[in-house]
Amino acid sequence: MNQRARVLLLNAALGPLDYRVDRDRPVVPGSIVLAPLGPRQLAGVVWEPETLPSDAEVGDNRLRPLAHVYDLPPIQAPLRRLIEWTADYYLAPPAAVLRMALASASALDGARSVIEYRATGHVPDRLTPQRAQALKRIGERQGLVRELAAVADVSDAVIRGLVKAGAITAVEVSIDDRYPLPDPDHAPPALSDDQQAAADTLREAVRGGGANPTLLDGVTGSGKTEVYFEAVAEALRADKQVLVLLPEIALTEPFLKRFEARFGCLPVAWHSDLRSSQRRRAWRAIASGEAKVTVGARSALFLPYAKLGLIVVDEAHETSFKQEDGVHYHARDVAVMRGQFEQVPVILASATPAIETRVMVEQGRYAELKLPGRYGPAQLPDIAAVDMLRSPPPRGRWLAPPVVEALEETLARGEQSLLFLNRRGYAPLTLCRHCGHRFQCPNCTAWMVEHRLMARLACHHCGHVTPPPRLCPECHEPDMLVACGPGVERIADEVATLFPDARVAQVTSDTIWSPAKAAEFVHRMEAHEIDIVVGTQLVTKGYHFPNLTLVGVVDADLGLAGGDLRAAERSFQQIAQVAGRAGRGAKPGRVLVQTREPLAPVIRALVEGDAEGFYAAETESRREAGAPPFGRYAAIIVSSEVQEDAVSAARAIGRAAPSVEGMAVYGPAPAPLAMLRGRHRQRLLVHARRSLDVQDAIRDWLGPLQLPKSVRVAVDVDPYSFV
């Protein structure tokens, strides 16, 4: 027996290290272990030395013994290969990727229960402002002391004080209760001929196994979920596990309801809003194979499924599948790679597939199934552009007369309306009308956004918050601050002024921050307790409200600003998705798009229903520019709290740029967000032909450079954000 084990520890600053194995506790590749590192002990996974070389090999006589081998299923070879591939492709430390697979530290522990805390309803005699804030924010939540402290934005000591005062009580929670099993034959739906044909093809793919990515391309309301549910049912019949990825935590609640109606119980959820005990229970059930269907955010992709049989990526075009910090991976692309390593089918479901996915279909690397019409009596809505230059809103207003008229008619019919503006808060900019001072975040190169609901100015990049001052900080004049431009709150105010009797709801990440909040919103819509919804991109997908017949897009030109290569595609997808919320029942739908450029290709394609023409033109312009998917980009972001260090390091990187045929390097230059979270930022952009191994070129380039410790260098392969 080999008495030496290579271990990848959960420390991104370290490479793999070797340890001595106790004869009584043998390990295999994938075994989860606890290993000593100096005075500490860290969790890690045993790895094959041939796939993970070590720079720190020592003789057998100098090896330290492993501290513990966990009684858990080993991390399987396909997931180990995925971790290696992700680290290699996205130029990330393997340990940083492994951390996503071992995403619940408490799950490694064998405890059967945990002590959590919840409010009792008793108000203590000594109610300090912090205690009052804690009780208000905790509400009916339950969790560990540190989780409740984080929710309440107070210290652990405040929570412990409330426990002593009897306002919060301890609850023992079992964390090994078994999950109910979904029944594939609980309530099979009546499918249309198109749906049945697509479902049969997907069922056959699940039965056959093998890595065969399939694009399920169906217009909004065509029943894509019902179709891929049949593939889920087939995997359940074969006693396999299923992973369904959703782009937004707020989407999980509508999905869970549909899943429960079809399969008789809820799936296992995985997202950032879970308590520690819930994460532990889910992780262990996934690793043992007990959790049959997991629905989650992108991080669910790296969990150690014991018997994976199918992966579904819903709303696969969504840019929120791209991780923007830490490991800069794209969950859609990594899902396809996991399908390759696991040899299981992957379904990419979307009404507006990304150009990258469409090109893969054209090249024959992905299969395609189309659902061209809406399910049942529902019809696609009529879409019309409202020219803001010809029909401008009254001064100080943002809704054009045709939109106001349509809202009035919809209210009179007792139907619901949705106004879409992808801008949180009341106004994107606040300035002093006396001296022109603009309120900028002290930590970022970004304007502070006014939120009147919460009486604060907030930075949407770093989270810095401050109350609006009465005096201008520049000229000290009182009551001179003015809001510029509209946000969702300002549109909601305008609607309330125009229609004082209408019941208006705002749907943004400020109001829908958890699945519970999303469930409350869905219930109110279905009970017709809301007449007009004003919301951001959170309402553009996943929701099905049969009585919602009017959609108004407040500013269709907003997404076209800036130098993002995907701006036109993203705007088309977003507006097409929000338009798809209208007319999903028997009542016809109508969409009005406010724009100052009614002849812009994006707007014309939406109004004329010419998605194919738009995508063909957009694809050709990418091909000519050598942009993804026909070429490759990688961003190098250099940052430091000291501006001079960031600039000099970026210049040093620029000077060391290699001369490689088929690769060009642009920059360095200050990033559009030249300061973010207190760090000064410089960017370089690498543009390479598709066939070039750009990762190796960047590794050889950056590897030898000696940069100050104050400087961080992040590489974003296939960037989606250009700020």
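The model is predicted, so local features need pLDDT of at least 70 and side-chain atom pairs count only at pLDDT 80 or more, while totals for chains, interfaces and linings use all residues. Residues are numbered from 1 along each chain as its sequence is written, and side-chain values use heavy atoms, with hydrogens and water left out. The chain has 19 helices and 30 strands; these are DSSP runs numbered from the N terminus, with helices being H or I of at least four residues and strands being E of at least two.

**The chain as a whole**

- The radius of gyration is 27 Å, close to the 27 Å that the globule rule gives for 723 residues, so the chain is as compact as a globular protein of that length. That radius is taken over C-alpha atoms, and the globule rule is 2.2 Å times the number of residues to the power 0.38.
- Along the principal axes, the C-alpha atoms fill a box of roughly 85 × 70 × 70 Å.
- Of the 723 residues, 52% are buried. Buried means under 20% relative accessible area, exposed means over 50%, and partly exposed lies in between (1.4 Å probe, protein chains only).
- Among contacts with a separation of 6 or more, 76% are between residues 24 or more positions apart. Contact here means heavy atoms within 4.5 Å.

**Helix 1 with helix 2**

- Helix 1 (77-89) and helix 2 (94-101) are joined by a loop, and they pack at an angle of about 135 degrees with their axes 8 Å apart. Axes are lines fitted to C-alpha atoms, for helices over the stretch in contact, and angles run from 0 to 180 degrees between N-to-C directions.
- The two helices, helix 1 and helix 2, are therefore oblique to each other. Angles under 35 degrees count as roughly parallel, over 145 as roughly antiparallel, 65 to 115 as roughly perpendicular and the rest as oblique.
- From helix 1, Leu79, Ile83, Thr86 and Ala87 meet Pro94, Val97, Leu98 and Ala101 of helix 2. The residues of this contact divide into seven nonpolar, one polar and no charged. Nonpolar covers Ala, Val, Leu, Ile, Met, Phe, Trp, Tyr, Cys and Pro; charged covers Asp, Glu, Lys and Arg; the others, Gly among them, are polar.

**Helix 11 with helix 17**

- Helix 11 (residues 355-362) and helix 17 (residues 611-625) have axes that come within 11 Å and cross at roughly 90 degrees. Helix 11 and helix 17 are therefore roughly perpendicular to each other.
- On the helix 11 side, Ile355, Glu356, Arg358 and Val359 meet Glu612, Tyr615, Glu618, Thr619 and Arg622 in helix 17. This contact is made by three nonpolar, one polar and five charged residues.

**Cis peptide bonds**

- Proline 628 and proline 629 are joined by a cis peptide bond, with omega about 10 degrees. Proline 629 sits in the loop between helix 17 and strand 27 (631-640).
- Glycine 667 and proline 668 are also linked by a cis peptide bond, with omega about 15 degrees. Proline 668 belongs to strand 28 (residues 663-676).

**Positive phi angles**

- Leucine 91 is not a glycine, yet its phi is positive at about 55 degrees. Leucine 91 lies in the loop between helix 1 and helix 2 and is partly exposed, with a relative accessible area of 22%.
- Aspartate 718 also has a positive phi, near 55 degrees. Aspartate 718 is in the segment after strand 30 (712-717) and counts as buried at 16% relative accessibility.
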